[in-house]
Amino acid sequence: MNSIKSKLNILYCHGLGSSINNRHGTQLKAFFEKNYKDSVYFERFLYKNPGSVDHVWNINEWRKDIEERIENQKWIIISTSAAGHCALNIAKSKPHNILGLFMFCPGTHLDLNFVNTIAPGALELLKKKGSLVYPPSRNGHAALVTVEAFQEYSDTCVTKTPGDIAIKCPITVVQGTADDLVPHQNTVKLVKRLTSKNVELVTLEGATHYFDIDERIQGKIDEFISKEGLDDGELRLISAFLYEDEIVVTTSRQRTTQLGIPVYCRYFDCNRVEIPDSIYKAFFFPLTSVHCLRKVGASYISLSLAEDEKPQLPIPFVHRLFKEPQHELGVCSGQLYGMDAKWMQIAEFVEHHKLIGATMFYFSVFEIDGMTRMILDEYERSGFAEVSMINTEYTNAAMMRHMVQIHECFYRARKHSKWLLNIDHDEFLIPRAKPILSYIRSLGENVAESVFSMRRIAKFEESIEKYNNIEEVSNDIQASNYNLTHDPTYTSVKVMIRPDKVNAILLHWAYGMEPDYKVNVVPKNIAFLNHYRTISPNYLWSDFMAKLMRQNVKFLHVTMQKEYVERLRENVVQVVGYVFKKHDLTCENIPSSLQRATKPYLKKMKICE
């Protein structure tokens with residue numbers, strides 16, 4: 001059977017009357033091929049009897065087919081309608097095979113009256129005739145059904161037994177409020193009974209049973225894959241942050257199944273010798289991080305999954321013992337991965353946010369090209385950035401390491417920056433009515449999170465890949481070159497948080513905060529985000545303009561203030577020129593005494609003939 005061990009396995013299962021070529025199956029196939037070609041193995045599952053007028057359909061035959069397919073492997077199951085019945089039962093009975101469930105309108109809490117959704121009076125007709133043909137949906141299979149088949153469906157549903165439904169894997173459920181086949185309230189009842197600590201109900205207002213996988217749902221799939229974690233992740237240490245009351249060790253082990261499981265803090269002295277009788281039993285929270293007690297005499301720390309296990313090589317502490325934060329506004333850049341050049345984008349990203357008041361930038365790097373690394377080294381050298389180089393065991397996990405980056409940045413900024421802007425390097429915070437520092441100083445001390453609206457700006461060309469000359473750099477400023485956009489919306493948002501007042505962060509948002517602290521929604525006239533999105537088909541969400549046009553969104557041409565653009569251009573040119581602008585050494589610039597001492601080398605290098 002196909003599946004690739006180094007990839008994340010995702011199986012799509014369709015519902016009754018449908019097929020692998022239904023709208024969900026087709027749209028998912030296109031989505032994963034475009035955005036996760038190197039990191040996800042996606043399969044549309046073909047049942048032995050997807051639907052036939054000759055063979056009676058049976059839900060538990062479908063379940064058996066799926067169980068045989070996933071045997072001895074680990075999968076995310078994406079299901080539509082009746083396939084949710086199978087997915088839930090399998091997640092409950094074979095949890096070791098299931099990494100997560102992503103379900104569209106799962107068919108639960110259904111009884112024989114469901115038959116009347118075929119047509120009014122269909123149940124009485126079925127009882128009278130003994131069987132009926134369930135009509136196919138678009139591109140679907142007709143299916144021969146009986147009273148006994150529907151009764152078995154109802155009797156074997158996970159919701160049939162009262163009480164909690166013991167499923168531990170992450171679950172996301174998408175449901176329309178106008179669904180007349182699987183009522184919305186059925187799904188609400190299901191979600192309330194699930195015991196998983198990671199359950200989300202995504203409600204589509206006005207949507208029926210037949211909806212498209214639009215950009216919002218695609219975003220939810222991205223989130224689901226990112227928070228799902230990588231089940232075979234090794235325990236690799238990234239940083240150990242020393243606070244006044246604890247030590248937090250960040251790791252690259254991104255597994256939802258490890259939440260709350262024991263992990264052991266191991267303490268070492270200044271000679272990296274383990275301190276006797278110092279092991280402390282802790283646990284993972286949130287997801288990738290471990291909270292350890294402070295220990296007298298400890299200079300290094302490590303972790304192990306068992307007391308008698310050899311620990312990882314110990315790492316030193318990153319001190320965060322500050323009475324007051326060192327920076328009023330820090331910026332957390334999204335994870336950097338892939339070998340495509342990002343140096344020009346990062347230079348403009350940093351210089352823009354320096355202009356509006358940011359004084360510290362946090363970067364988490366999984367993979368990087370040499371020129372981008374040189375730019376980051378320069379910002380780290382000059383005290384404007386802290387760079388975490390994260391080495392995992394994967395060659396192709398790409399954006400699925402998002403939560404590793406988020407927690408590394410979150411704890412690195414805690415006690416170091418009062419406010420932390422959590423955005424990607426192609427997103428720029430734009431103050432409007434007042435400077436952003438003035439605005440955040442005006443907020444009450446009980447605000448722990450501020451939410452910004454966003455507008456996308458179409459970027460028609462990719463940034464410079466290789467430095468050739470400073471003129472090209474001067475002409476490649478995004479803020480000057482691109483201005484086709486729309487009014488900011490809260491459909492896609494990013495946030496700024498107080499790291500010392502937030503307890504956990506999930507992707508782009510605070511997941512929990514200290515009591516009595518609240519969320520603030522920033523009005524559009526105060527500030528919003530510009531997101532420069534490349535429209536090249538090779539990039540994620542590159543078709544956003546076409547989608548906005550279908551939604552009749554009004555496009556605008558906007559320009560940034562000339563004075564700001566020129567200051568930004570000047571600053572970008574200065575830092576890029578310092579890093580990359582070079583010239584040859586000539587013989588005339590070398591003192592004669594040094595020429596004599598290094599004559600063979602100079603001749604070999606053709607500097608002095």
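**Entry 1: a helix pair.** I began with α9 and α15, which meet in a right-handed crossing (the near helix is turned clockwise from the far one by less than a right angle). The contact, meaning heavy atoms within 4.5 Å, involves M371, M374, I375, E378, Y379 and R381 on α9, and V575, V576, Y578, V579 and F580 on α15. I sorted these residues into 9 nonpolar, no polar and 2 charged. I then noted the geometry: α9 (residues 370-381) and α15 (residues 562-580) pack at about 110°, with axes 10 Å apart. So α9 is roughly perpendicular to α15 (the class for 65 to 115 degrees).

**Entry 2: the model.** I kept in mind that this is a predicted model, where local features need pLDDT of at least 70, side-chain atom pairs need 80 or more, and totals for chains, interfaces and linings use all residues. Residues are numbered from 1 along each chain as its sequence is written, and side-chain values use heavy atoms, without hydrogens or water.

**Entry 3: E427.** Next I looked up E427, which sits in strand β21 (residues 427-431). Is E427 buried or exposed? E427 counts as buried because its relative accessibility is 2% (buried means under 20%, with a 1.4 Å probe and protein chains only).

What does the side chain of E427 join in a polar contact of 2.6 Å? I found the side chain of K494 there (a polar contact pairs N or O atoms within 3.5 Å, one able to donate a hydrogen and the other to accept it). A polar atom of the E427 side chain also lies 2.9 Å from the backbone nitrogen of D424. Beyond four places in sequence, I listed F349, H353, M454, K494, N530 and H531 as contacts of E427.

Definitions and conventions:
Axes fitted to C-alpha atoms, helices over the stretch in contact; angles between N-to-C directions. Helix = DSSP H or I, 4+ residues; strand = E, 2+ residues; numbered from the N terminus. Parallel < 35°, antiparallel > 145°, perpendicular 65-115°, else oblique. Nonpolar A, V, L, I, M, F, W, Y, C, P; charged D, E, K, R; others polar. Buried < 20%, exposed > 50% of the residue type's maximum accessible area, 1.4 Å probe, protein only.
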